[in-house]
Amino acid sequence: MVGPDTWGELVEAGYRLGDRTLYLRSPAFRGDDVRELQRRLNALGFDAGKEDGIFGRRTSDGAMEFQRNVGVRSDGIVGLDTVGTLDRLRPSLDRPSRAVVREEEAVRRMDASLAGSTVAIDAGHGPGDPGNEGLGGLEEQEAAMWLAVALAAELQRRGAAPVLLRSAAENPPVAARAHRANALDAAVCVSLHVNAGEPDAEGSTCFFYGTPSTHSPAGRRLAEVVQEELTSRLGVQDGRVHPMSLAILRETRMPAVQVEPCFLTNAAEVARLRDDGFRRGVADAIAEGIARFLGAVREPAEPAATGS
């Protein structure tokens, strides 16, 4: 289904650096041309921030700092002259950017607590956008909300402050969900979805922000510990962690992960998903993964029975 989010991604992928003049505005310029600009500025040592393809304040500041250093008008407007200067300098693009290095260091120094932390929870899809449809007619948007409610209850029990980014009756655009998570200044964002595939496809998979040229070290670490907890506690098949440039991962400023704990197209996993004990087990595993990520690091738990 090619909805507004998919269409927006297709449009953004069509831009190349130099196709249009970029500058700070609202709404922000988005696209692969912005991502390429961020990549080149970061490679030259001018901090353009996360290479997310969104021309925000940090990217504008990085562009102005570059312009000052090369002796041209420092207005943050990236037109053909600025692009031409970037091309002539031929920055090396095979090293991690300052944004990635800074984030890696922040992960190493992280020492926080789940108690008192705000956690943004995104139940994927919504009314009118059901997502995958599983056996027995179970829709992904409904299953995602089940998991989101269970996770919110578990996080609240542990002293955290969970906030659902949509209600069961809402289906806000992904950009609006990310904006709300950013406005909350959440410690982490967890987006919940349910996978689909062949009838025998099974298991849990977690996604973090990443492209062929960059990634979020914090998002990757969060995905790794959540996946470890899900597979060790629930005994589900390990679908590993993978980088993806999904909007909810790209547009959130905090570490973010998309969790898909099972498949709607697998009869056994649908039966488990309908079981309240399994959903509580998923919530407990994700909550423990977040706690480990924030600083309460320990070895993953032994597998636990969570119902059929």
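Helices (H or I, at least four residues) and strands (E, at least two) are taken as DSSP runs, numbered from the N terminus. The model is predicted: local features require pLDDT of at least 70, side-chain atom pairs count only at pLDDT 80 or more, and totals for chains, interfaces and linings use all residues. Residues are numbered from 1 along each chain as its sequence is written, and side-chain values use heavy atoms, with hydrogens and water left out.

Arg177 lies in helix α7, which spans residues 174-184. Arg177 is buried, at 3% relative accessibility. Buried here means under 20% relative accessible area, exposed means over 50%, and partly exposed lies in between (1.4 Å probe, protein chains only). Contact is defined as heavy atoms within 4.5 Å. With neighbours within four places in sequence set aside, Arg177 is in contact with Asp122, Ala123, Gly124 and His125, with Leu165 and Arg166, with Asn171 and Pro172, and with Ile248.

Aromatic pairing was then examined. Rings of Phe, Tyr and Trp (its six-membered ring) pair if their centres lie within 6.5 Å; planes under 30 degrees apart are stacked, those over 60 edge-to-face, and the rest tilted. The whole structure holds 2 aromatic pairs. In one of them, the ring centres of Tyr23 and Phe29 are 5.1 Å apart and the planes meet at 80 degrees, so the arrangement is edge-to-face. Tyr23 is partly exposed, with a relative accessible area of 35%. Phe29 is buried, at 7%. Phe46 and Phe66 also pair edge-to-face, with 5.6 Å centre to centre and 80 degrees between the planes. Phe46 lies in the loop between α2 (32-43) and α3 (57-70), and Phe66 in helix α3, so this pair ties together parts that are 20 residues apart in sequence. Both Phe46 and Phe66 are buried.

Charges over rings were also assigned. The criterion is NZ of Lys or CZ of Arg within 6 Å of the ring centre and within 35 degrees of the ring normal. Lys50 lies over the face of Tyr209, 4.9 Å from the ring centre. The charged end of Arg279 sits over the ring of Trp146, at 4.9 Å from its centre.

A disulfide is a pair of cysteine sulfur atoms within 2.5 Å. By this rule the count is 0 disulfides. For Cys189, the closest cysteine sulfur is that of Cys206, 13 Å away and too far for a bond. Cys189 is buried, with a relative accessible area of 1%. For Cys262, the closest cysteine sulfur is again in Cys206, at 12 Å, too far for a bond. Cys262 is buried, at 1% relative accessibility.
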